[in-house]
Amino acid sequence: MKIKTSKIAIVGCGLVGSSTAFSLVTQGICDEILMIDINEERALGEVLDLRDTIKYLDRNVKVRVAGYKDCSDADIIVITAGAPPQKGQTRLDTLEVSAKIVKTIVDPIMASGFDGIFIVVSNPVDIMAHYVYQLSGLPKNQVIGTGSALDTSRLQNFIAELVNVDPRSIYAYSMGEHGDSQMVPWSTVTVAGKPFQDIIHDNKDMLGDVDLDEIVKKTVREGWEIYQRKGTTYYGIATTCAGIIKAILYDENRIIPVSTLLEGEYGQNGVYAGVPTILNRTGAADILEIHMTEEELERFRSSAEIIREYTDKVLNGI
């Protein structure tokens, strides 16, 4: 009798990768974590630090330093390595450097015999996820970008603050690019089932004039607000990534707006973009097509076109 254990490999032991590992360990989501980094001493330091948490947690998640050859039987590989944007840059400006880094990662992993699921965190994430899909040759359901999942969390926080409810009672999605062109289909946003636009209409005295475009702009800017104060972001994206991993490992059929390949959905073909997606042990099992207004659909199309423009550069060798 063979008992299957769950194994997650994290490539890139910077703040995002190490925080993702910490989130996995403290929540006890998997059995084993492999920490992989070009700087092996950094990877070892993270492993030793993470091991020191086990005594006071509910589960002994094993953590060790590894290499690409150890990825052959991993269930999920998380790619966080990439080029962080410098001051004044957008995520898209890191494209060329990130693409080179991603290629050096995916090729040896596939050579190991890996046949699990990639979760791509590296920015620009929609384009890097598509690039990993091309490099790996895996089915599209096995290559997922974190997409607009973090943006959605930020959006829900802003709406929750406005109406003074728990953000987990907000049902809303940020969609399209994980970047400046992302959009929100406001016609589908609800608070515990009540349309958000009805709440605005029914509570004019309390809410006043609500600028929906400004909420989207705040959602877009939130990462930069954090960046300007502490140099980078990691807790939010790490916990987001852990949530995606949990949905897959535990076969939850949970809907999270991740970046996945569109093949006709929302009128788009051959582009990775953030859309509500059903996640289970097969990866990105299915895409939920929500009904949007024509104006909302046009905004989504515009965002997808921006992603497509930069994706073509990578797929054609920049």
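User: Hi! What are α4 and α10 to each other?

Analyst: Helices α4 and α10 are oblique to each other, a label for angles that are not under 35 degrees (roughly parallel), over 145 (roughly antiparallel) or 65 to 115 (roughly perpendicular). The model is predicted, so local features need pLDDT of at least 70 and side-chain atom pairs pLDDT 80 or more, while totals for chains, interfaces and linings use all residues. Residues are numbered from 1 along each chain as its sequence is written, and side-chain values use heavy atoms, without hydrogens or water.

User: Thanks. At what angle do the axes of α4 and α10 cross?

Analyst: Roughly 40°, with the axes of α4 (residues 125–136) and α10 (residues 294–315) coming within 9 Å. Axes are lines fitted to C-alpha atoms, over the stretch in contact for helices, with angles from 0 to 180 degrees between N-to-C directions. Helices are DSSP runs of H or I with at least four residues, and strands are E runs of at least two, numbered from the N terminus.

User: Which residues make the contact?

Analyst: From α4 there are Asp126, Ile127, Met128, His130, Tyr131 and Gln134, and from α10 Ile307, Tyr310, Thr311, Val314 and Leu315; contact means heavy atoms within 4.5 Å. Seven of the residues in this α4 and α10 contact are nonpolar, three polar and one charged. Here Asp, Glu, Lys and Arg count as charged, Ala, Val, Leu, Ile, Met, Phe, Trp, Tyr, Cys and Pro as nonpolar, and the others, Gly among them, as polar.

User: Switching to sheets: what order do β7, β8 and β9 have?

Analyst: The order is β7-β8-β9, in an open sheet of three strands with antiparallel pairing; strands pair if DSSP finds at least two bridges between them. Strands β7 (170–171) and β9 (194–195) are at the edges with a single partner strand each, so one side of each has no neighbour in the sheet. Strand β8 (residues 190–191) is joined to β9 by two bridges, and Thr190 stands opposite Pro195 in β9.

User: What's in the loop between β8 and β9?

Analyst: Ala192 is found there, and it has a positive phi of about 50° without being a glycine. Ala192 is exposed, at 62% relative accessible area; exposed is over 50%, buried under 20% and partly exposed in between (1.4 Å probe, protein chains only). Asn164, in the loop between α5 (149–163) and β7, also has a positive phi, near 60°, and is exposed at 69%.

User: Which residues does a cis peptide bond join?

Analyst: Asn123 and Pro124, with omega about -5°. Pro124 lies in the loop between β5 (117–120) and α4.

User: Last one: is Thr277 buried or exposed?

Analyst: Buried, at 0% relative accessible area. Thr277 is in strand β11 (residues 269–280), and beyond its neighbours within four places in sequence its contacts include Arg254, Ile256, Val258 and Asp286.
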